[in-house]
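This briefing is for a reader new to the structure shown below. It begins with the chain as a whole and then turns to single helices and residues.

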Amino acid sequence: MPDLPAGVEPVLVGDLAPDTNWAQAVRGVDGIVHTAAHVHVMRDSAADSLAEFRRVNIAGTWNLARQAVGAGVRRFVFISSIKANSLSMMRWLHKGIPLPLGAIHNQRSLVALGNLVDLIVTCLHHPAAANQTFLVSDGEDLSTTALLRRTAAALGRPARLIPVPAPVLRTAARLLGKADFAQRLCGSLQVDISKTRELLGWSPPVSVDE
């Protein structure tokens, strides 16, 4: 287990299951940030996967929330992801590998870890956050090309980007059986954080360049 900040004590309970006893973990707790979930597992059959999703993500979460209410927990913050990406492109940039991604004009919303944590803390304490759903991002959407250029600048490396049109990339990827990968590179995925800004008075404290 990694080193924890002073005053933080781990409480090992068990799985996020419909019958887990959370009494020890929720006793005397003011707020809960729920980030656990069952995610896609390649070896699961469709029926098994759906059953496990429901057992953990629905019944398990409901069990935790119910016990939290019973223990007097004031705020329960439930976190879910729209899309998670590992940005393996950073390794390609660091190695100076030429990439055919110099002409991608999509728009994607990203979120820095510091911005995510800041909003979670805000939601734990802000009166207007109760019973609301908020989206979070860095507040500046980027194309894949712009992201790579700015990442390269942050790494102190040249961005060797070849301007291949997105339709050509999509066609090539489809022929190689990598259509999903091309969608992640070329497709847009934007979120609107205007509600988060207005209702909570929140702005991302960490800029994209930072």
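Of the 210 residues in the protein chain, 30% are buried, where buried means under 20% relative accessible area, exposed over 50% and partly exposed in between (1.4 Å probe, protein chains only). This is a predicted model, in which local features need pLDDT of at least 70 and side-chain atom pairs count only at pLDDT 80 or more, while totals for chains, interfaces and linings use all residues. Residues are numbered from 1 along each chain as its sequence is written, and side-chain values use heavy atoms, with hydrogens and water left out.

**Overall layout**

- The protein chain has 8 helices and 2 strands; helices (H or I, at least four residues) and strands (E, at least two) are DSSP runs, numbered from the N terminus.
- The order along the sequence is α-β-α-β-α-α-α-α-α-α.
- The C-alpha trace spans about 60 × 45 × 35 Å along its principal axes.
- The accessible surface of the protein chain is about 13,500 Å², and carbon and sulfur atoms account for 57% of it; such areas come from the Shrake-Rupley method with a 1.4 Å probe, and for residues only the protein chains shown count as cover.
- Among contacts in the protein chain with a separation of 6 or more, 76% are between residues 24 or more positions apart; contact means heavy atoms within 4.5 Å.

**Confidence**

- The mean pLDDT of the protein chain is 91, and 94% of the residues score at least 70; pLDDT is the predictor's confidence in each residue, from 0 to 100.

**Nonpolar cores**

- The largest nonpolar core has 12 residues: Met89, Leu93, Leu99, Leu101, Ile104, Leu148, Ala152, Leu161, Ala166, Leu169, Leu185 and Cys186.
- A nonpolar core here is a set of buried Ala, Val, Leu, Ile, Met, Phe, Trp, Tyr and Cys residues joined through side-chain atoms within 4.5 Å.
- At least two residues of the largest core come from each of H3, H5, H6 and H7.
- A second, separate core holds 10 residues, among them Val77, Leu119, Leu124 and Ile193.
- In soluble globular proteins, nonpolar side chains tend to be buried together.
- Ala152, a member of the largest core, is in contact with Leu93, Arg157, Pro158 and Ala159, leaving aside its neighbours within four places in sequence.

- In helix H7 (residues 179-186), the buried residues are Ala182, Leu185 and Cys186.
- These residues lie on the same side of H7 because they cover an arc of only 80 degrees around the axis; the arc is that of the directions from the helix axis to the C-beta atoms.
- The buried residues of H7 pack against helix H3 (89-95), helix H5 (144-155) and helix H6 (166-175).
- H6 has Ala166, Leu169 and Ala173 as its buried residues.
- Seen down the axis of H6, its buried residues fall within an arc of 60 degrees, so they line one face of the helix.
- Pro167, Arg174 and Leu175 are exposed on the other side of H6.
- H7 is part of what covers the buried residues of H6.

**Buried polar residues**

- Asn115 is in helix H4 (residues 113-125) and is buried, with a relative accessible area of 0%.
- A polar atom of the Asn115 side chain lies 2.8 Å from the backbone nitrogen of Val206.
- Neighbours within four places in sequence aside, Asn115 is in contact with Val136, Asp138, Trp202, Pro204, Pro205 and Val206.
- Ser109 sits in the loop between H3 and H4 and is buried, with a relative accessible area of 18%.
- The side chains of Ser109 and Asp141 are joined by a polar contact of 2.7 Å; a polar contact is a pair of N or O atoms within 3.5 Å, and within protein one must be able to donate a hydrogen and the other to accept it, with residues adjacent in sequence counting only if both atoms are side-chain atoms.
- Ser109 is also in contact with residues including Leu189, Gln190 and Val191.

**An exposed loop residue**

- Asn131 is found in the loop between H4 and H5 and is exposed, with a relative accessible area of 82%.
- Asn131 is not a glycine, yet has a positive phi of about 60 degrees.
- Most residues other than glycine have a negative phi.
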